[in-house]
Amino acid sequence: MSGLVIEACRFASGALAAVADPSKAPDMQAYMKTDMPFYGVQKPARTTILRELVHRFPPPDRAGYEALVMALWQLPHREEKYLALGVARHFHEYVVAEELPLYKGLIVEGAWWDLVDEVATHLICDLVVGHPEAVWPTVDTWIDDDEMWLRRTAIICQVGAKEDTDAVRLFRFCEARAFEMEFFIRKAIGWALRQHATVDPDAVARFVIEHRDQLSGLSYREAAKHIGHLLPS
């Protein structure tokens, strides 16, 4: 591990500890339903620490970027993992197709919505929009993966893509997993469709009408939130 990475990790942990409110940690832990420890540092303070972290410890190359992200990620507290994801997002020049294995690892290891959704809707979204030919062949396989969080990622990775959304894929993915009982998949389908409805409400309305019997009640209600006027009463 390079000296820069070691110093960055020391800074991150020290800065979090310095502003920690241990009285908040149990509630944060309970909210996330995790045994992972928290310092008790909420988002505004984490944002200030992240700003200083990326200013003081910019990675010199892709290898340094990977090492920094993974070193922060492997620290024991939840807030350190949030900083790892913040660093991963900040250095846009390294968010390239070759980093897909790194991001996949974060999804599988993170295995909870606060970590997975950050990777999916920012890092993976940037890749499928910016490098579709290189990235989609892999992400396409995730929709049938045994790992639920990869299936969720495939469904929600275009949240935020707006006009760059590959709607054919989005609808295909939603249809492919509509039968699932898993809450996080049902919620993902509804979320992804609701977001795309801000761009193409008519297409989403046609999809939910055509697949009404396949979609769960949760998926349908989420998808229909802003397009009720286009749906049968």
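Which helices are included in what covers the buried residues of α10? The legends below take up this predicted model view by view, starting there.

**Figure 1. Helix α10 and its cover.**
The cover over the buried residues of α10 includes α8 (132-142), α9 (148-156), α11 and α12 (201-210). Helix α10 itself spans residues 167-177. Its buried residues are R169, L170, F171, F173, C174 and R177. Two of these, R169 and R177, are arginines. An α-helix has 3.6 residues a turn, so residues three or four places apart point the same way.

**Figure 2. I155 in the largest nonpolar core.**
The largest nonpolar core has 84 residues. Those with the most contacts inside this core are Y65, Y103, I124 and I155. Helix α7 gives the most to the core, with eight residues. In soluble globular proteins, nonpolar side chains tend to be buried together. Look at I155. Leaving out residues up to four places away in sequence, I155 touches I143, L170, F173, C174, R177, I185, A188, I189 and A192. Among these partners, L170, F173, C174 and R177 are also buried residues of α10.

**Figure 3. The largest pocket.**
The largest pocket has a volume of about 630 Å³. Its lining has 22 residues. K43, R46, R89, D114 and E118 lie nearest the centre of the pocket. Which helices each supply at least two residues of the lining? They are α3 (43-56), α5 (78-90), α7 (113-130) and α11 (183-196). The lining divides into nine nonpolar, five polar and eight charged residues. Rolling a probe the size of a water molecule over the atoms shows where empty space is left.

**Figure 4. Cysteines without a disulfide.**
A disulfide is a covalent bond between the sulfur atoms of two cysteines. How many disulfides does a search of the whole structure find? It finds zero. Take C157 as a close-up. The closest cysteine sulfur to that of C157 is in C125, 6.9 Å away. The cut-off for a disulfide is 2.5 Å, so the two sulfurs are too far apart for a bond. C157 is buried, with 0% relative accessibility. C9 is buried too, at a relative accessible area of 9%.

**Figure 5. R78, a buried arginine.**
R78 sits in helix α5. Is R78 buried or exposed? R78 is buried, because its relative accessible area is 2% and the limit for buried is under 20%. Leaving out residues up to four places away in sequence, R78 touches T34, M36, P37, F38, W112, D114 and L115. One of these, D114, is also among the residues nearest the centre of the largest pocket.

**Figure 6. Two loop residues with positive phi.**
Most residues other than glycine have a negative phi, and most peptide bonds are trans. K33 has a positive phi, near 50°. K33 lies in the loop between α2 (25-31) and α3. At 69% relative accessibility, K33 is exposed. A111 also has a positive phi, near 50°. Its loop runs between α6 (100-110) and α7. A111 is partly exposed, with a relative accessible area of 30%.

A161 is in the loop between α9 and α10. This alanine is buried, at 7% relative accessible area. Setting aside residues up to four places away in sequence, A161 touches C125 and V129.
D144 is in the loop between α8 and α9. Is D144 buried or exposed? D144 is exposed, at 53% relative accessible area. R177 is one of the buried residues of α10. D144 and A30 are 114 residues apart along the chain, and their C-alpha atoms are separated by 31 Å.

**Figure 7. D117 in helix α7.**
D117 belongs to helix α7. At 9% relative accessibility, D117 is buried. Which residues does D117 touch, not counting those up to four places away in sequence? They are R152, I156 and W191. R62 is 55 residues from D117 along the chain, and the C-alpha atoms of the two are separated by 23 Å.

Definitions and conventions
Residues numbered from 1 in each chain as written. Predicted model: local features only at pLDDT ≥ 70, side-chain atom pairs only at ≥ 80, totals over all residues. Heavy atoms only, no water. Buried < 20%, exposed > 50% of the residue type's maximum accessible area, 1.4 Å probe, protein only. 1 Å grid on protein atoms, 1.4 Å probe; cavity = no way out; pocket = protein on both sides within 12 Å on 5 of 7 lines; lining within 4 Å. Points joined across faces, edges and corners; volume = space filled by probe spheres on them. Helix = DSSP H or I, 4+ residues; strand = E, 2+ residues; numbered from the N terminus. Nonpolar A, V, L, I, M, F, W, Y, C, P; charged D, E, K, R; others polar. Contact = heavy atoms within 4.5 Å. Core = buried A, V, L, I, M, F, W, Y, C linked by side-chain atoms within 4.5 Å.
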